[in-house]
Amino acid sequence: MKHSFRFPRDGAGVDRARRRFVQGLAFGGVAAGLAGWRLPALAAGAPRAELSGTEFDLEIGALPVNFTGRARTATVVNGALPAPLLRWREGDTVTLRVRNTLPTTSSIHWHGIILPADMDGVPGISFMGIAPGDTYAYRFTVHQAGTYWYHGHSRFQEQTGLYGPIVVTPRDGERFPAERDYTVLLSDWTDTDPERIYATLKKQSDYYNFGKRTLGDFLHDARADGVAAALAERRMWNRMRMEPTDLADVSGYAYTYLMNGHAPAGNWTGLFRRGERVRLRFINGSSMTFFDVRIPGLKMTVVATDGQDVEPVSVDEFRLGVAETLDVIVQPDGDRAYTVFAQSMDRSGYARGTLAPRAGMQAEVPPLDPRPLLAMRDMMGEMSHDMHGMPGMKGMEGGCGATMDMGDGTAKGGAAQAHAAMPGMTHAAALATGRGVDMRVATPRTGLDDPGVGLRDNGRRVLSYADLHTLGGPFDAREPGREIELRLTGHMGRYVWSFDGRKFSDAAPLRFDHGERLRVVLVNDTMMTHPIHLHGMWSEVESADGAFQVRKHTISVQPAQQLSYRVTADALGRWAYHCHLLYHMEAGMFREVVVA
Amino acid sequence: MSRRRMRHMLVAALFAAMPQAGAACAQEHAAHAMAMPQDAADASAPTAAPDAHARHATQTAQARHAVHAPPAPTAAASAAAARHVAPPPPAHPLPGMTHAQMVEAMAMGDDAVHARLLLDQFEHARGDDASAAAWNAQGWIGRDFDKLWFKTEGARRGGQVEDARAELLWDHAFATWWDWQLGARRDFGAGPGRDWIAFGIAGLAPYWFELQATAYVGAQGRAALRFEAEYELLLTQRLVLQPRAELDAYGKADPARGIGAGLSDGEFGLRLRYEIRREFAPYVGYVWTRRFGASAGLARSAGEPATDRQWVAGVRVWF
């Protein structure tokens, strides 16, 4: 029964040092790292490092930075954090000579770009990495357009700043023309050595969760809903040793959230003239953070995701999973500033920037939303609905839907019995928990229309995958010849993450036959949202009824959700396939895919 | 479908309202909205050859545009459908390597060794008759499912260590919430030292109770049982109340160490800590200790009370 006095979460009551940490320095980052250099306030609106053409020389190096008042060393490209925007043209063959000046092996992966396997930049799979002092020449032809990004694929270099945007200009011009075009790269900066963060999670996995429920919360709920209801609700979670506040493994306690390399106080600014259409290319370059993005006062028209144009859809807010990209067009018609507000999913902090007609303006920054709790559907999937009104189900909440080890390592408590008694529940038997799997979902939910925990019924029009329809249909209209089901598994307490209960070290590669069309079904047996990224090939997500929905390179699978997508295995070679939460990937939520 | 189309029209209207290229854009979207049912048909239409999908997509896109006669800028739309080109095979694929070499090249950390040292109690205790210093520490080093554990517990009173023990155990995770532990224990301090073989179960019970139950077998037919349980109640995010209970039982009396056969002693502690950092938390607490049965008799005959109540103050530290 872990419960709480609720502190105001919007900064009030937070001491000054803490606020500086959360909001960062106004002139922080790379500029502050250069001894004695201070960029003027206008720098926030100035163009960022950008490279275009077909020949690129990139240098990975270390650079002193200061985002929070503490001097640290970041991993950067050409002295920039984020790394320079690379602007390519569809159809061009680009050559990128990447030199590594770090004392350790490094790498760059071009996220979402279709290219030969040896150009993909994953050490141990695509190549051996770039040794200290060496240069690797990446060369490939770009047959796609849109917003992508690039990042390090070596250990935790991505966490320390090795990420940057890519924009590929379409050969025939933009489908959705706009007068202004900005990349908005969101990331999570930490002053803590990521090796230490990873080790800490292995020692105490809830170390960064400062949003747990406390005794005060219990008293509050007991007053509001009655003691019996509050107790029953706690009983359910606690009996299963599940934590409904487990929204992010690493929180604002360790992170300062950045927008284009600017801490909130630094206020990245994009300029516009009234009435102009402004295209914002959002990229989540975080290691661990899902962002919920909105621009109070503006409707956003979503026009592309993961580089792929979609039927335009107008929303107030969207959740951007780690490694996903989303392009929106806004048309500010006031002579005023608008805040681009990106709060972390666990509401422990935010990245923030401004759209303004003139530099130096700013608008009100909204308070963080209340911290949400995971719901029954995040643990039990469909069954949380089925259970309503079923006679004889009272008191069963503890074990139903999610198959839980009830304490002695073998018994499944009421869950198995419940499944036997219910028609249409067949897979329960095979779903065992174990030392690396603390939860199973017997009846996952299958819809795509849930925007996810914290965004449900918040009064705003929030994007969900059900709203995304890639224009032009699938690249391959064949029916899948076979189906691969993978379960996303983990053990929160031991901080073990895997596919199908097997960590990378213990798992054989997945084998795709060259040219085949197959369906991948993912079932999330955890209470976290996992952004799953298949390298080398597109993932064409199916709607709940099996129709083509949206083409993506990274797919966020919500807790207790089942989701499927079609893949055409047309890219020969060895590829990485993993959860894009960096510490989950390092913990083994990773598979090799071999196309042969 | 109709709701989706309506939404689509709205968006098209929104684009139409935008200056400049709005008109062309809106036309395209309206056209697309009308093509919706056909989209669905496209998606399920079979194709002839695996690598023909790009061509197929182009054809359907062209067909659609022929029907709706789009304006020039939307040529981009038809190109979009044709955009996918399968990548050529890798020119320089990696030579064959073992899984271990691959893991090393990737710097994958999924089987790495980690270590933790927790000084759970490091405290000064003030009781009815005397004061003492006490410790309870445990550390581990190892991988996710197999670790080497070290535990030690004891007290110092009047400059002398009394009733202390140290254990070295192999810990293996065997179930969702449970580990078994196998190793050795040595008792030291007042009285003769004793050595034991230890086997126990440790883990997390429903409702977040942390439990440890260990059986010991020693020389001369000695046997012992030890049970520990603790819980953490969050008063705030940093203020934690930790109730903790401990019970010891022995199969055979060991008067030299003040132990009688049967249930020998129990301890119940309540510690309130404040986590300045997660790793560093000063605390205050209150601990009840009670000796039972024959052990209580031995204590009384040695002039010690069978029960004791102590205020404690200390720090909990880990790294």
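Guide: A:Leu522 lies opposite A:Leu563 of E31(A). This is a predicted model, in which local features need pLDDT of at least 70, side-chain atom pairs count only at pLDDT 80 or more, and totals for chains, interfaces and linings use all residues. Residues are numbered from 1 along each chain as its sequence is written, with chains lettered from A and ligands numbered from 1 in the order in which they are written.

Visitor: Which strand is joined to E31(A) by seven bridges?

Guide: Strands (E, at least two residues) are DSSP runs, numbered from the N terminus, and two of them pair if DSSP finds at least two bridges between them. Here strand E26 (residues 517-524) of chain A runs antiparallel to E31(A), with seven bridges. Strand E28 (residues 539-542) of chain A also pairs with E31(A) in the antiparallel sense, over two bridges, and A:Val541 stands opposite A:Tyr565.

Visitor: Why is strand E31 of chain A largely enclosed?

Guide: A residue is buried if 20 or more other C-beta atoms, placed from the backbone, lie within 10 Å of its own. Seven of the seven residues of strand E31 (residues 562-568) of chain A are buried, so the rest of the structure largely encloses it.

Visitor: Which way do the residues of E31(A) point?

Guide: In a regular strand, side chains alternate between the two faces of the sheet. A:Gln562, A:Ser564, A:Arg566 and A:Thr568 point one way from E31(A), while A:Leu563, A:Tyr565 and A:Val567 point the other way.

Methods: A residue is buried if 20 or more other C-beta atoms lie within 10 Å of its own, exposed if 12 or fewer, and partly exposed in between; C-beta atoms are placed from the backbone. Helices (H or I, at least four residues) and strands (E, at least two) are DSSP runs, numbered from the N terminus.
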